[in-house]
Amino acid sequence: MAILLVPLALARADEPPPSAPSPEVSQTISVLSYNVHGIFPLIAKDSPRERMPTIGWLARGYDVVLFQEDFEFHHLLRLQLEHHTGFTGNGMGWDPRRVAVKALLLPLSLAIPSFSPPYGAGLSTFVRDDIARPDDAGRKAYGLCHGWFGANGDCWARKGFLRVAMDTIGGRVDVYNTHLEAGPSRKSVKVRKAQLEKLAEAIEKRSGHHAVIVAGDFNISFNRPGDAVIMRRFRQRLGLEDSAAGPILPSWRERDYILYRSGPSIALGVEHSGEAMEFVSERRALSDHAALYAHFQVTPVPVDAP
Amino acid sequence: MRPEGSRTLFRVMIGVVSACAFAACTLPQRTLGIEMREQSRFQQQWKRYQKLDDFKALVIAGDVGGVYVSGFSYEMTSADEAVRAARALCEQRRTDRRILAPCRTLAIGNERIEEQS
């Protein structure tokens, strides 16, 4: 984390020291959001076990790291992020369908390494130790999904959101990590809409009007009918802005977003954002999603004296 | 060990080493990572757009081979209305992604046009 102390004008000896915190003092916080495609190798069609250490190692450079699809190889990511405090999303829960599938697949899970579906949310968030608040986190499953097969196979994971808090120069900022329903069907759009409503409710309840960062794999494409509207409503309801982080390479689909808003005591601004190109090499990438980053400038807002 | 036995052992070792060297040269190298898609984001979008019903329009800002945003409309009452609606969406996304290039009409219906911005 880089703390930028803008040089203050040299104070004259007869001037009293400033009593309120200077608005010129700011801090930069870097955020990475990455769907790491950490599923069973035969389904991933590659070797996630080999990719994960590199992803984790590269992610060290960020203050806040939000992973999605961190299902089977979480320990490999965590190993690399030794100076970060890790949080994980909700587990598989006790939904009878998932419990039945788990029981059915248990013999295979015991025999095959890195095969343990159905899953929990697959979310993990890592925050640098010096800004992490280890006891201030929350997670919740959406309790909604559509389908078990093909493009609509979202019920294999119990998707949800993970909230973690971090300390900044201006106070607490809540960071929400989420992975929404995938799939292009109307039913999938309907589920995504309901999930976003649940997420908005949670943010209103847990974070009030405070500064927040909301990021992850929203599975929302502005190129698909229906998706744009639900994203716009979600953002308007919470007053969220787009950090402008998005894919640069033409192969990537636009599914991931880093959104943010300022709070009464903290102004969040985007210094720069985009695709983290260190996760890509020529025609190969460390996952099937673009890794997005945003560098936020955090500035405390002085509270006016009554 | 008899000389004949050691000769056989030597031949076996040579065989194993040769087989390993052959395998190393001919088997495909395992490369880290996932191969990226051939089809671009814009190609996929164009394919999807073509399936929509008239009146429709597609408006974009930026470079379709890299960073760009778009707005589209469909099932509108006229071509003019379709362009207006698509342009409004494009402008919103252009602001989101902080793209300086203006929104320009790329297609009306399934016909690609290039508008002077």
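## Basis

The model is predicted: local features need pLDDT of at least 70, side-chain atom pairs count only at pLDDT 80 or more, and totals for chains, interfaces and linings use all residues. Residues are numbered from 1 along each chain as its sequence is written, while chains are lettered from A and ligands numbered from 1 in the order in which they are written.

## Chain A overall

Chain A holds six helices and 15 strands. Helices (H or I, at least four residues) and strands (E, at least two) are DSSP runs, numbered from the N terminus. The C-alpha atoms fill a box of roughly 80 × 40 × 35 Å along the principal axes.

Of the 306 residues, 45% count as buried. Buried means that 20 or more other C-beta atoms, placed from the backbone, lie within 10 Å of the residue's own; exposed means 12 or fewer, and partly exposed is in between.

## The sheet of chain B

Four strands of chain B form an open antiparallel sheet, in the order β3-β2-β4-β5. Two strands pair if DSSP finds at least two bridges between them. Strands β3 (68-73) and β5 (111-112) of chain B stand at the edges with a single partner each, so one side of each lacks a neighbour in the sheet.

Helix α3 (residues 79-96) of chain B packs on this sheet, touching β2 (57-62), β3 and β4 of chain B. Contact means C-beta atoms, placed from the backbone, within 7 Å. Two bridges join β4 (residues 104-108) of chain B to β5(B). One bridge pairs B:A107 with B:R112.

## Helix α2 of chain B

In α2 (residues 41-50) of chain B, the buried residues are B:R41, B:Q45 and B:Y49. They fall within an arc of 65 degrees seen down the axis, so they line one face of the helix. The arc is that of the directions from the helix axis to the C-beta atoms. On the other side, B:K47 and B:Q50 are exposed. The cover over the buried residues includes β2 and β3 of chain B.

## A sheet across both chains

Three strands form an open antiparallel sheet in the order β13(A)-β14(A)-β1(B). Its edges are β13 (280-281) of chain A and β1 (34-35) of chain B. Two bridges join β14 (residues 284-285) of chain A to β1(B). There, A:R284 stands opposite B:E35.

Terms used:
Contact = placed C-beta atoms within 7 Å. Axes fitted to C-alpha atoms, helices over the stretch in contact; angles between N-to-C directions.
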